[in-house]
Amino acid sequence: MTLAIVLAADPAAGHLTEPGEPLTERLAAQWHRAGADDVRIAADLNELADLVAAATGPVLVSGADLVAHTAVLKHLATSPVGPTVALVLTDPPAPGQATVREERGQVVEVDAADASGVFGGALRVGAADLPALADAARRAAGGGPRNAVDRLVADLAARGTLIFAQRVRLLVAHRVGDEAQRVAAEAAVAAVDEDRAELKLSVKERDDFFTTFFVSTWSPYVTKAAARIGIGPTGVTMVSVAFAVAAAVLFGAGGRLALVAGAILLYLGFVLDCVDGQLARYTRHFSAWGGWLDTMADRFKEYVVYAGLGFGATHAGFRYGWALALAAMTLQTVRHMTDTWYGALHDEAARRPKVVSADAGGIGGKLNAASTRVQADTGSVSYWLKRTVVFPIGERWALIAIAAALFGPLVALVAVLVWGALAFAYTGGLRTLRARWMRVPVMATVDAGLHRDDGLLARTLPTARRPLLLAVLGALGSAGTLVWALLAVHGGGDLPVFVPVLALVLLLGAAQGSRAPHDGSLDWLVPAALRAAEYLFAIAVGVAGRAPAWLVFGYVLVLTLHHYDLTARLEKRQSAPPLHAATLGWPGRSVLLAIGLIAGYVSIALATLGAYLLVVFVASVVLAWVVLPARARGGVRSPG
């Protein structure tokens, strides 16, 4: 149940709208239309504190001086970025209004000297932060030289509450201090078509080059049509998956007509991949399930397409088509692991600005300043080059479609690998320099054991420090084993037993870093190194045991689904999957594969373990998104 509170403690509470209705009453009605279940008008901060103390769900708070589209309030109430969100405006601050400084969408400081905006007089507070809100209201109730709602947000931020920023774009929101300002603000609201603005807002403000110019120019029309038909974001996601699977089948079939048709379907599937998010933003139908499904579907679609390309290249006469598909999937997954953890690093750094500002004259500081300048100049060539060179999903899918249609699956896979490797080297090098400058032990603030995916075996081993060094050694051992296995099989021989055993020893050495503090400036690279170590070891075992290439690909694909589940939960600040312990951890899985290799049953080991992990994954999804939520609600209903 969502409670909205209009704080009538400020002078603006006495202002009347054009029909003679008090602003407080109009705001209360707007909160109702924005989705609040219960709306109250509080005379002062003490009354607000009492209402908050009795609340059990999110609380929406606004002052009495806000004139805005109802959609602005609805966007604040339904914002998916975090539990606690504050409205931030670009208006010049009036006396008594709090200014804010934002970084990466977070309000990192209130009343900062280098403020980036002004508090918009409204905020949503998540259930976990309600005790802090009630305490802040009681502390701020003593009065002061500023408006009550500004005292409230300043005290809440001073307590260290994580507050995200909700900017107003295309719509209108202003805080008014007198009748002239009220009249001007109401005229500005009336001049904007609210629905048309919301449709434009469904498109991301900043996206990549291909998406911006070849998708978002017409995808809003599809979004509008989907909303009218009544199809939801999840339905659009499922159609997008079907298009990608069909494209993969056509890429595997080969032939010019099939390749061109597959390229068209892949492009349309990507358009729908954008539409599902646009539809969620346009209709404000957000859910944890929808966000998780979108993340998982994106990766599944891309990797199924890699499988189609690998199959097509192999049947066109290239011996190593599946090997290229495996390499592309492994490279992309490791890249995504670094993306996720570098984002976490930046989020943590934003909450610790004093640490980040140190050594501003060093190379990391100069790179950070240069990156900030480029990102701010959204119309420049350097901006679009920076957005494109990192090889985002739109560019990947466009390259696959064009290369496959014109030259075939082999060229498409090689192109993806070459550009992906260059992008990985570019982003990895720059991020490493910037991370050393930031000096933020990002993994010290999260459950490192969970996101390392260590399992029971790792927790039983002795603890060793330097987790990044150990993880890198494990990855190098797996890579060396794979190279040796390829050379041995190509020469018609067998891989000596001591080679995978030595690699396994290095892997278990990497597992010893599980319980060690991840407090190094580069320890955000640990999960990616561990993913590389496990995947390369599994591929090496498959090569050495002469397992079918498609079987090795399928096994690694199941691993990627499991690991993307973990990263999606990290990004959404969710707990571990219900059956996480049953996945055995990457050391346990590697040991089982090594036993299968030594015993001479590699294909059986890959098939059995892969099938087991897939069953655990599906069961975990059902438990997490169907059974447990149904029990919490007291009924049974599918997620939607």
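**Close-up views of a predicted model**

**View 1. A nonpolar patch on the surface.** Leu469, Val472, Leu473, Leu476, Val497, Val501, Leu502, Val505, Leu506 and Ile598 together form a nonpolar surface patch with about 840 Å² of accessible area. The model is predicted: local features need pLDDT of at least 70, side-chain atom pairs count only at pLDDT 80 or more, and totals for chains, interfaces and linings use all residues. Residues are numbered from 1 along each chain as its sequence is written, and side-chain values use heavy atoms, with hydrogens and water left out. Patches consist of residues with over 30% relative accessible area and no salt bridge, like charges being joined within 9 Å and nonpolar side chains (Val, Leu, Ile, Met, Phe, Trp, Tyr) within 5 Å. Accessible areas come from the Shrake-Rupley method with a 1.4 Å probe, and for residues only the protein chains shown count as cover. Helices α21 (467-490) and α22 (498-511) each supply at least two residues of the nonpolar patch; helices (H or I, at least four residues) and strands (E, at least two) are DSSP runs numbered from the N terminus. Leu476, placed in helix α21, is exposed at a relative accessible area of 55%. Here, buried denotes under 20% relative accessible area, exposed over 50%, and partly exposed the range in between (1.4 Å probe, protein chains only).

**View 2. Helix α2 and its buried side.** In helix α2 (residues 45-54), the residues Leu45, Leu48, Ala49, Leu51 and Val52 are buried. They lie on the same side of α2, because they cover an arc of only 165° around the axis; the arc is that of the directions from the helix axis to the C-beta atoms. The face turned away from this buried side carries the exposed residues Ala53 and Ala54. Packing against the buried residues of α2 are β1 (3-7), β2 (38-42), β3 (59-62), α4 (130-140) and α5 (148-158), where contact means heavy atoms within 4.5 Å.

View 3. Leu130, Ala132, Leu133, Ala134, Ala136, Ala137 and Ala140 are the buried residues of α4. Their cover includes α2, β3, β8 (117-125) and α5. A salt bridge joins Asp155 to Arg139, the closest N and O atoms being 3.0 Å apart. This pair links distant parts of the chain, with Asp155 in helix α5 and Arg139 in helix α4, 16 residues apart. Asp155 counts as buried at 13% relative accessibility, whereas Arg139 is exposed at 60%.

**View 4. Further salt bridges.** The whole structure contains 27 salt bridges, each defined as a side-chain nitrogen of Lys or Arg within 4 Å of a carboxyl oxygen of Asp or Glu. Lys224 belongs to helix α9 (residues 219-229) and Asp195 to helix α7 (residues 194-201), so the pair ties together parts 29 residues apart in sequence. Lys224 is buried, with a relative accessible area of 18%, while Asp195 is partly exposed, with 34%. A salt bridge is also formed by the side chains of Arg589 and Glu534 (2.7 Å, N to O). Here the linked parts of the chain are 55 residues apart, Arg589 being in helix α25 (residues 585-599) and Glu534 in helix α23 (residues 526-544). Both Arg589 and Glu534 are buried. Arg26, Glu179, Arg182 and Glu186 are linked in a network of salt bridges.

View 5. Tyr383, Trp384, Arg387 and Thr388 are the buried residues of helix α16 (residues 381-389). Because they cover an arc of only 125° around the axis, they lie on the same side of α16. The face turned away from the buried side of α16 carries the exposed residues Val381 and Leu385. Phe391, which follows α16, has a positive phi near 60°. Most residues other than glycine have a negative phi. Arg466, although not a glycine, has a positive phi of about 60°; Arg466 is found in the loop between α20 (455-460) and α21 and is exposed at 58% relative accessibility. Arg546, also not a glycine, has a positive phi of about 55°. Arg546 lies in the loop between α23 and α24 (549-571) and is partly exposed, with a relative accessible area of 43%.
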